Amino acid sequence: MGISGIAANYYQTVYANNKATKAETGKTFAEIASQKVAEAEKETVQENTSAVLDVIGANAPDEVRQAWTEAQKESGVDGHITKCGLWISNDGKHAHITQVMIQTAIKWAKGEFVDEQADLLGNSVQSAINAVEKWIYDIDHPLAGQPAKSTEEQRYVNMERTFYVAFLEKLKNLSGREQQETATGKSEGVNLAEIIGTTGSRYYKATSITREAVSAAYEKNFVEA
């Protein structure tokens, strides 16, 4: 059902219950109807976002999908990418082919578009970073011979790029956090080996340190055989 159909249903419902609702909330009919339409539009955008990610990020980690959703909300651009890869303005009056759509078409041409999944974002934060960096690069370096874009078209392409940049920033923040956690984990592993010291299996029996940790310590010659 389109926005207009959802809105019509909301208007009918609100009108039927207007007196009771107004008594409870103090809002006018117009205020309530406007709120309900806005809620419907929000739900529709969320559904579209999920559908898009099911196509281009079917194997992407949840944190990558969340970064896409947050970038879409926070970038403040007029529009969003649809399931088929088009950029649609918020009023639905403008659409253009995005880098997402181009890469999806390439996947399809290669026979790599399987079960309606283009899997452009890959299965890690880094693979998603690589994909988005390419999208931005291709926008900044269009192929020679392409027809010139109108001012309006270029404006929406710039919005598409703005969204990618916001998404990329979030992905790089995720990547930095992962590297920090990895470095911290290695440091903690060394500290554990130092703690085990030469007490070896006796310490293991007296504490909850795992057998795997002790084995690792043996391998590093931190524990006497």
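Six aromatic pairs are found in a search of the whole structure, which is a predicted model. In one of these pairs, the ring centres of Trp68 and Phe163 lie 4.8 Å apart and the ring planes stand at 80°, so the arrangement is edge-to-face. Trp68 belongs to helix α4 (residues 62-74) and Phe163 to helix α7 (residues 151-196), so this pair ties together parts that are 95 residues apart in sequence. Both partners, Trp68 and Phe163, are buried.

Phe163 also pairs with Phe167. The centres of these two rings are 6.2 Å apart and their planes meet at 10°; the pair is therefore stacked, since planes under 30 degrees apart fall in that class. Phe163 and Phe167 are four residues apart in helix α7, so about one helical turn separates them. The relative accessible area of Phe163 is 3%, and this residue is accordingly buried. For Phe167 the corresponding value is 0%, and Phe167 is likewise buried. Both values fall under the 20% limit that defines a buried residue. Through ring pairs, Trp68, Trp87, Trp135, Phe163, Tyr164 and Phe167 are linked into a cluster. A further feature involving an aromatic ring is found at Tyr156, where the charged end of Arg155 sits over the ring, 4.7 Å from its centre.

The axes of helix α5 (residues 99-109) and helix α6 (residues 125-140) come within 10 Å and cross at roughly 110°. Because angles of 65 to 115 degrees count as roughly perpendicular, α5 is placed in that relation to α6.

When residues up to four places away in sequence are not counted, Gln99 touches Trp135, Asp138, Ile139, Glu160 and Tyr164.

His94 is located in the loop between β2 (86-88) and β3 (95-97). With a relative accessibility of 13%, His94 counts as buried. Apart from its neighbours within four places in sequence, His94 is in contact with Trp87, Ile88, Ser89, Glu152, Glu153 and Tyr156.

At the level of the whole protein, the secondary structure consists of nine helices and three strands. From the N terminus on, these elements follow the order α-α-α-α-β-β-β-α-α-α-α-α. The protein has 225 residues, of which 33% count as buried. Among contacts between residues at least 6 apart in sequence, 58% join residues at least 24 apart. The accessible surface comes to about 14,100 Å², and 51% of it belongs to carbon and sulfur atoms.

Definitions and conventions
Residues are numbered from 1 along each chain as its sequence is written. This is a predicted model: local features need pLDDT of at least 70, side-chain atom pairs count only at pLDDT 80 or more; totals for chains, interfaces and linings use all residues. Side-chain values use heavy atoms; hydrogens and water are left out. Helices (H or I, at least four residues) and strands (E, at least two) are DSSP runs, numbered from the N terminus. Buried means under 20% relative accessible area, exposed over 50%, partly exposed in between (1.4 Å probe, protein chains only). Contact means heavy atoms within 4.5 Å. Accessible areas come from the Shrake-Rupley method with a 1.4 Å probe; for residues, only the protein chains shown count as cover. Rings of Phe, Tyr and Trp (its six-membered ring) pair if their centres lie within 6.5 Å; planes under 30 degrees apart count as stacked, over 60 as edge-to-face and the rest as tilted. A charge sits over a ring if NZ of Lys or CZ of Arg is within 6 Å of the ring centre and within 35 degrees of the ring normal. Axes are lines fitted to C-alpha atoms, for helices over the stretch in contact, and angles run from 0 to 180 degrees between N-to-C directions. Angles under 35 degrees count as roughly parallel, over 145 as roughly antiparallel, 65 to 115 as roughly perpendicular and the rest as oblique.
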